[in-house]
Every structure is written in structure tokens, then in C-alpha cells.
Amino acid sequence: MPKRNLERNIGFLLHDVSRLMRKEYNKRVRDLDLTRSQWRVIAHLYRTEGVTQTELAEILEIEPATLARLIDRLEAAEWVERRPCDKDRRAKRLFLTDRPAAVIDQIFDISDDLEQEVFRGFSAIEQMDFVNSLLMVKRNLLEFNSNAADEDTETPDLESRRRAAAGG
């Protein structure tokens, strides 16, 4: 059987590029005294401030208990704060304190610099086309996931199917 060229396989390629970008970005933010996990939390809160811990755990694709420990450390260091949720007394919403303001700017400056470097050799139009293509791929994948979720909710559970088969 002939070997496939994994260098051009979209899944492997996206994974490799993502890993290499993360690795380089981690080197560049090392001096900010935040772990990669911590700055990911801060960056996502900057984007979606006010989410619950459960929502943020889903966004970051980590276990809620793992996120809770991260939030505990960030809260103790006064990077984030938990506030009660109006709709659910058990839930807490997450907000940035004033402390990350300067770091956020540094994080985005570092990110902008890295982006410029990785797009070296691309024209402005090629950059825009590349990003637009990735956005289309993302939309398609989100649509697949949305359709799968719809199918899951439409599929009756085993007990419901048994009752229906039994005529009741």
C-alpha cells in the first residue's frame, strides 16, 4: 500500500501549525509570569468576560475541576474575580480585575508580532484569503457539530424507544 503524504493532510497540517504557533508564542510570553494555561484563561475572559466557569471550561475544552483550580490561583493573585450569577445562585461568573490590563496589551502585541512573522512572504490579499478560508473551514466544522447536536437531541433515548416499541 502506498504511503500517504501527511505533510499535505489538512488535519496533520493544522495540528502541526497550531502546535508550532503555541510553542513559539509560549517562548515569547514566558516573561509575563503566567503559565500558558493561565494566560489562556485571561485571554478568553478578555474575549468573553462574564461567562460561568462551566461555560469557560467548555470553551477551553478542559475539565471543570481543572479550571476551578486555575481560577483559584488566578483569583488569589488578583487576576480574575468570581461574581454571583443572577440566574443561578450556585454558578459564578468570571471577570478580569484591573491587573491584567497591561498584560493583555503585551499578549496582543506579542501575538500581532508573531502573526506578522508567520505571514512573511504573503501579500495582504493572500493573508486575507488564507484567514477567510480558515473561517470557512471553521464554519463548516461548527455546522457539522451543530447538526450532530441536533441529531442527538432528536434521537429518543433507549427507554423512550422501548416504550414506543411496546406500544406505550
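Q: Which helices each supply at least two residues of the nonpolar patch?
A: In this predicted model, helices α1 and α6 each supply at least two residues of that patch. Helix α6 covers residues 124-154.

Q: And which helix gives the most to the nonpolar patch?
A: Helix α6 gives the most, with 4 residues.

Q: Which residues form the nonpolar patch, and about how much accessible area do they have together?
A: The patch on the surface is formed by I10, L14, F122, F130, V131, L134 and L135. Together these residues have about 580 Å² of accessible area.

Q: Take L135. Where is it found?
A: L135 is found in helix α6.

Q: Is L135 buried, partly exposed or exposed?
A: L135 has a relative accessible area of 39%, so this residue is partly exposed. That value lies between the limits of 20% for buried and 50% for exposed.

Q: Let us turn to charge. Which residues gather in the patch of negative charge?
A: D105, D109, D112, D113 and E115 gather in that patch on the surface.

Q: Where is the place of E115, and how accessible is E115?
A: E115 lies in helix α5, which runs over residues 101-118. Its relative accessibility is 42%, and therefore E115 counts as partly exposed.

Q: Now salt bridges. How many does the count come to?
A: The count comes to 9 salt bridges.

Q: What does D16 form a salt bridge with?
A: D16 forms a salt bridge with R19, and the closest N and O atoms are 3.7 Å apart. The cut-off is 4 Å, so this pair counts as a salt bridge.

Q: Where do D16 and R19 lie?
A: Both residues lie in helix α1, which covers residues 10-29. D16 and R19 are 3 residues apart, about one turn of the helix.

Q: How accessible are D16 and R19?
A: D16 counts as partly exposed because its relative accessibility is 28%. R19 also counts as partly exposed, at 37% relative accessibility.

Q: What about E24: which residue does it form a salt bridge with?
A: E24 forms a salt bridge with R28, with the closest N and O atoms 2.7 Å apart. E24 and R28 both lie in helix α1, 4 residues apart, which is about one turn of the helix.

Q: Which residues are linked with E24 and R28 in a network of salt bridges?
A: K27 and E117 are linked with E24 and R28 in that network.

Q: What is the distance between the closest N and O atoms of D88 and R90?
A: D88 forms a salt bridge with R90, and those atoms are 3.3 Å apart. D88 is partly exposed, at 27% relative accessibility, whereas R90 is exposed, with a relative accessible area of 75%.

Q: A last topic, Q53. Where is it found, and is it buried or exposed?
A: Q53 is found in helix α3, which covers residues 53-60. Q53 has a relative accessible area of 18%, so this residue is buried. The limit for buried is under 20%.

Q: What is Q53 in contact with, leaving aside its neighbours within four places in sequence?
A: With those neighbours left aside, Q53 is in contact with L67, A68, I71, R82, K92 and L94.

Definitions and conventions: Residues are numbered from 1 along each chain as its sequence is written. This is a predicted model: local features need pLDDT of at least 70, side-chain atom pairs count only at pLDDT 80 or more; totals for chains, interfaces and linings use all residues. Side-chain values use heavy atoms; hydrogens and water are left out. A salt bridge is a side-chain nitrogen of Lys or Arg within 4 Å of a carboxyl oxygen of Asp or Glu. Buried means under 20% relative accessible area, exposed over 50%, partly exposed in between (1.4 Å probe, protein chains only). Patches are made of residues with over 30% relative accessible area and no salt bridge: like charges are joined within 9 Å, nonpolar side chains (Val, Leu, Ile, Met, Phe, Trp, Tyr) within 5 Å. Accessible areas come from the Shrake-Rupley method with a 1.4 Å probe; for residues, only the protein chains shown count as cover. Lys and Arg count as positive and Asp and Glu as negative; His and the chain ends are not counted. The place of a charge is taken as NZ of Lys, CZ of Arg, CG of Asp or CD of Glu. Contact means heavy atoms within 4.5 Å.
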